[in-house]
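User: Hi, I'm new to reading protein structures. Can we walk through this one together?

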Amino acid sequence: MRNKIYNSKILVTGGAGFIGSYVVEELLKSDPKKVIIIDNLIRGSFENMKSFIDNPLVHFIEGDVRDTALMENYVSGTDYVFHMAALRINSCAANPEEGFEVMLRSTFDLAQLCVKYKVKKVIYSSSASVYGLAQHFPTPETDTPYDNQTFYGGAKLWGEQLFKSYKFMYDLDYVALRYFNVYGARMDTDGKYTEVMIRWLDCIHEGKAPLIYGDGSTTMDFVYVRDVAKANVAALLSNVTDEVFNVGNCEETSLKQLLDVLLKVNDSRLVPEYREENSVNPVSRRLADNTKAKQQLNFEPSISLKEGLKELSEWYFEKKKSINLRV
Ligand SMILES: NC(=O)c1ccc[n+]([C@@H]2O[C@H](COP(=O)([O-])OP(=O)(O)OC[C@H]3O[C@@H](n4cnc5c(N)ncnc54)[C@H](O)[C@@H]3O)[C@@H](O)[C@H]2O)c1
């Protein structure tokens with residue numbers, strides 16, 4: 001079977017969110033028949049959807065993936081589903097009951113509906129969290145997930161396994177993508193768990209010393225959001241099914257290096273201040289091995305950390321300016 005976006009009906013859960021909104025933009029480049037977005041706006045926003053909310057090909061429904069009747073209404077007649085609605089890792093830890101309903105039960109209900117309505121393929125947003133602290137660096141998909149200690153990572157892994165079993169039992173095609181540390185314009189800037197780069201951008205804006213908790217040696221693999229959207233579209237279009245892929249930038253960057261690049265792209269000479277780490281982070285390293293995605297999906301990230309941080313900085317400072325103008 002050849003998968004195509006042109007003239008297809010595509011459902012994107014969580015499509016008003018950070019990554020989801022870029023996936024929608026990417027899909028619209030290929031003239032789908034309809035892109036249906038279901039998002040309860042707990043974190044997503046109209047601001048994220050600004051570039052396409054008035055597009056007649058887009059149908060936005062402010063609704064919850066836990067609402068099975070609503071989901072049934074929209075899964076029926078849909079060709080493809082991107083399942084991106086989820087709670088953040090910290091929200092799952094703060095409220096595992098809600099984590100269960102959103103991450104597990106809703107994913108189960110969705111898989112049932114996809115079988116019932118013969119959806120052609122599901123693209124499932126998984127996470128590098130499934131590895132916990134990986135055994136190998138770079139980390140291939142074959143590393144075991146046994147070290148994961150988080151509810152979120154467990155839920156994502158269960159989602160992968162659910163779709164694997166539904167492929168085996170009901171021949172439901174799917175691809176799961178394990179994103180590493182996704183960043184870029186539209187990332188959360190004022191939530192309870194704002195990412196460190198946004199806090200540092202605030203410091204640069206205010207001329208205050210950026211704080212590093214611990215020695216700054218923890219590493220991550222920062223992948224730009226537009227590259228992640230491209231990986232999603234590649235996963236839909238390829239004939240590959242029943243597979244899981246890492247989606248990272250394949251560069252290991254310590255927090256200290258991240259700050260250095262952020263300061264450099266903003267021509268800032270601020271000097272960081274180090275503070276004692278106040279929480280234990282069991283995952284001290286992240287580095288993706290994308291070989292499988294390159295070979296099977298023809299996906300390769302194209303945006304360097306420097307370019308990505310420049311784009312993020314410009315977007316964030318512009319956003320701050322427009323907020324200041326409004327007050
Ligand atoms: N951002 C990352 O670094 C990262 C890394 C790995 C995996 N992921 C996964 O990628 C996907 C997208 O993440 P994101 O960074 O865009 O996060 P996000 O929070 O911006 O997007 C998730 C969207 O889902 C919506 N949502 C949450 N609960 C819902 C519910 N019950 N019903 C309907 N909508 C609901 C939110 O409003 C939000 O718009 C998620 O599945 C996430 O777990 C993200």
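**Helices on the sheet**

User: What does helix α1 lie across?

Analyst: Helix α1 (residues 18-28) lies across β1 (9-13), β2 (34-39), β3, β4 and β6 (174-179). Helix α1 runs at about 170 degrees to β2. Axes are lines fitted to C-alpha atoms, for helices over the stretch in contact (heavy atoms within 4.5 Å), and angles run from 0 to 180 degrees between N-to-C directions. Helices (H or I, at least four residues) and strands (E, at least two) are DSSP runs, numbered from the N terminus.

User: Before we go on, what kind of model is this?

Analyst: This is a predicted model: local features need pLDDT of at least 70, side-chain atom pairs count only at pLDDT 80 or more, and totals for chains, interfaces and linings use all residues. Residues are numbered from 1 along each chain as its sequence is written, and side-chain values use heavy atoms, with hydrogens and water left out.

User: OK, the sheet. What's the strand order?

Analyst: The order is β3-β2-β1-β4-β5-β6-β11, in an open sheet of seven strands with parallel pairing. Two strands pair if DSSP finds at least two bridges between them.

User: Which strands are at the edges?

Analyst: β3 (58-62) and β11 (243-247). Each pairs on one side only. The twist averages 15 degrees from one strand to the next.

User: How many bridges join β1 to β2?

Analyst: Five, and the two strands run parallel. Thr13 has Ile38 in β2 as its bridge partner. β2 and β3 are also parallel, joined by five bridges. There, Ile37 stands opposite Phe60 in β3.

User: Switching to α4. How many residues does it have?

Analyst: Helix α4 (residues 96-116) has 21 residues. Its span from first C-alpha to last is 29 Å, close to the 30 Å expected at 1.5 Å a residue. That expected span is 1.5 Å times one less than the number of residues.

User: Where is its kink centred?

Analyst: On Arg105, with a kink of about 30 degrees. The bend at a residue is the angle between axes fitted to the seven residues ending there and the seven starting there.

User: What do its buried residues pack against?

Analyst: They pack against α2 (68-75), β4 (80-83), α3 (89-94), β5 (121-127) and α5 (151-170). Among the buried ones are Val102, Leu110 and Cys114. α4 also lies across β4 and β5.

Technical notes. Buried means under 20% relative accessible area, exposed over 50%, partly exposed in between (1.4 Å probe, protein chains only).
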